[in-house]
Amino acid sequence: MERSRNRAGRGDEDRNSIRRSLLRDAVFARLLDNVLRGVYRRGQRIRLDTIADDMGVSRTPVREALVPLETLRLVTVQRYVGVVIAHWTVEHMTERIRIARTMLTEPSAGTTGCDDRFHVGWLRECATEGGAFVELASWWLRRRGAAVSADWLLSQRAVLDVFYTDDVALANGIDAVVARRDRMQLVERASVAAEADELDECALALVELASALIAMPERFRAAA
């Protein structure tokens, strides 16, 4: 009987942990969208209580969701002040892609590459070609033995995947619909090469895709 109660207690703890994790992820996604869309203005100061009240949650999931946002340099959390939205720019977003492109063209010396095969199903979680680029490029880097570079790039997936969605891009003056078919063809080309473990061909397609993503703010400005 005691053993059954212990199992039930652990089960409740596991379910509560899952609920907290899901709630934290949901708050993070909404905060990220609000920051990138401009709902929260650059430099704006917001109290944790205000964010929690707006989202109908306690301070705990808000505090937990702010940790990755601070790591991504989109907010800072200051004692007695609250949350301060960073003065990020579109250039900061494209700079992340530039760094990734350099990693592909000049991969750092690392350990022996992993043997993990690429699975196209990994791309199903990506909403945009920006997210797909991160997923493919981080796999390529890990496959080549650049695990540290791969981990850094994968940590950028959330912000880059959201940034290149139609609504968020438009809020930042970019018409992401233009030439999307061309970018998706590059994603397909890189994906096919990755599945065939053709690393050189995969890298070529990814470098082209990175260049296309970097060029978007200048080439495809949204009409005012």
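Predicted model: local features only at pLDDT ≥ 70, side-chain atom pairs only at ≥ 80, totals over all residues.

Reader: Which helix does S191 lie in?

Author: Look at residues 180-195. That stretch, with S191 in it, is helix α9.

Reader: Is S191 buried or exposed?

Author: Buried means under 20% relative accessible area and exposed over 50%, with partly exposed in between (1.4 Å probe, protein chains only). Contact means heavy atoms within 4.5 Å, and S191 touches F118, V120, L123 and L136, leaving aside residues up to four places away in sequence. The relative accessibility of S191 is 3%, so S191 counts as buried.

Reader: How are α5 and α9 oriented to each other?

Author: Axes are lines fitted to C-alpha atoms, for helices over the stretch in contact, and angles run from 0 to 180 degrees between N-to-C directions. The axes of α5 (residues 129-143) and α9 come within 10 Å and cross at roughly 20 degrees. Angles under 35 degrees count as roughly parallel, over 145 as roughly antiparallel, 65 to 115 as roughly perpendicular and the rest as oblique. That is why α5 and α9 are roughly parallel.

Reader: Which residues of α5 make the contact with α9?

Author: On the α9 side, the contact uses R180, R183, M184, V187, A190, S191 and A194. Facing them from α5 are E129, A132, L136 and W139.

Reader: What is the orientation of α2 and α3?

Author: The axes of α2 (residues 48-55) and α3 (residues 59-71) come within 9 Å, crossing at roughly 110 degrees. In that contact, L48, D49, I51 and A52 of α2 meet R59, V62, R63 and L66 of α3. Given the angle, α2 and α3 are therefore roughly perpendicular.

Reader: And zooming out, what share of the chain is buried?

Author: The chain has 10 helices and three strands. Among its contacts between residues at least 6 apart in sequence, 70% join residues at least 24 apart. Of the 224 residues in the chain, the buried share is 41%.

Methods. Residues numbered from 1 in each chain as written. Heavy atoms only, no water. Helix = DSSP H or I, 4+ residues; strand = E, 2+ residues; numbered from the N terminus.
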